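Dear colleague,

I am passing on the structure we spoke about, and below it you will find my notes on what was found. Please read them with the coordinates open beside you.

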Amino acid sequence: MTDAIVTERLTKFYGRRCVVNHLDLRVPAGTVYGFLGRNGAGKSTTIKMLMGMVRPDRGRVELLGHDLAALPGEARARVAYLAEGHPLYGWMTVGEASRFARAFCPGRWDQGLLDRVLDHFDIPARAKVRRLSNGQRASLSLALAIAPDPDLLVLDDPTLGLDTVARRDFLASMIHLVQRKGRTILFSSHILADVERVADRIGILVEGVLRVDCPTDRFKEGVSRVVLEFPARPPAFPGCAGLVQAWEVGHRLELVVVDFGAEQQKVVESLSPMSWDVASMNLEDAFVDYTRGPRRSLPVLGDGDDLADAPAGAVGKGGDA
Ligand SMILES: Nc1ncnc2c1ncn2[C@@H]1O[C@H](COP(=O)(O)OP(=O)(O)OP(=O)(O)O)[C@@H](O)[C@H]1O
């Protein structure tokens, strides 16, 4: 098995609105996959469809090589899911919550690992869940999710509300899990610095359409901000392949371009600027610049080298409805 998650043309409507649109997602086994998108892009809906909690209107899901509709119990036990907001029963103690979770995982439970995580985050077994801090609740949820030693861990915005130190500890635990051979993690997040730190690959949903699906570095290197300086008001930019957006700031023209190369350079030089420069960007800057563009015509970014020249549309077979 090479892909831990596969979706084919996965589609969900709420009313007449298509919130996940022909999603072809492939998450290779052993990958930490950052699933990104602005508020309302469709991340949670997708994750709920992956977990069988929301029924798709079209398409199919495969987890660990099995069709989700016929997932054997043995495979289901190898998948763990952490819902947004770390839902736990506040009236339970930590020990009760652990025993409760364990009852759903007969045969696969690493109590030693759970104890180590609880100890690391200083979470006593007798503490009531409702008295835990946000960070402790998140860590308890993660500990309960990883105690069955899952092959696939799916987390919906797991670091929401955590402080920087708690987030780093949480992410370190995630990496520890995945470093054990073949483990796969898909997580959604709005904290791009976290994603940049741990994700091998990213997918970006824009209004339910997967526009980016590639290694994290490929995305950072693929999106460039180009700044052209002029002595007076800049000329209008004529456009080029891979252009996400262009705007004027005083005597400057700023462009966001996917896969800036010789062809785009020629267009820039044809405007005879006094100077021009390509700025390097971190993941957050690249994400902001990319997703702020005109949504229906964003250049797509995937593993291939020639995607910026592809007609605007989704990665894979899908497209705008
Ligand atoms: N049960 C529902 N009924 C109707 N509309 C819904 C339902 N769940 C989600 N939506 C809508 O679907 C769209 C996608 O929501 P979703 O929660 O998947 O986005 P998201 O990318 O996870 O957003 P966020 O980052 O804000 O959590 C939103 O417009 C949301 O309002």
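Starting from strand β10, Arg201, Gly203 and Leu205 point one way, while Ile202, Ile204 and Val206 point the other way, and all of them are buried. Please bear in mind throughout that this is a predicted model. Six of the six residues of β10, which spans residues 201-206, are buried, so the strand is largely enclosed by the rest of the structure.

As to its partners, β10 pairs in the parallel sense with strand β4 (residues 32-37) over five bridges, and in the antiparallel sense with strand β11 (residues 209-215) over six bridges. Leu205 takes part in both pairings, standing opposite Gly37 of β4 and having Leu210 as its bridge partner in β11. The hairpin of β10 and β11 has two residues between the strands, and in that hairpin Glu207 takes a positive phi near 45 degrees.

Turning to the helices, the axes of α5 (residues 134-146) and α6 (residues 164-179) come within 10 Å and cross at roughly 5 degrees; because angles under 35 degrees count as roughly parallel, α5 is roughly parallel to α6. On the α5 side the contact is made by Gly135, Ala138, Ser139, Leu142 and Ile146, and on the α6 side by Ala166, Phe170, Ser173 and Leu177. The residues of this contact divide into six nonpolar and three polar, with no charged ones.

With best wishes

Definitions and conventions. Residues numbered from 1 in each chain as written. Predicted model: local features only at pLDDT ≥ 70, side-chain atom pairs only at ≥ 80, totals over all residues. Axes fitted to C-alpha atoms, helices over the stretch in contact; angles between N-to-C directions. Helix = DSSP H or I, 4+ residues; strand = E, 2+ residues; numbered from the N terminus. Parallel < 35°, antiparallel > 145°, perpendicular 65-115°, else oblique. Contact = placed C-beta atoms within 7 Å. Nonpolar A, V, L, I, M, F, W, Y, C, P; charged D, E, K, R; others polar. Buried ≥ 20, exposed ≤ 12 C-beta atoms within 10 Å, placed from the backbone. Pairing = 2+ DSSP bridges.
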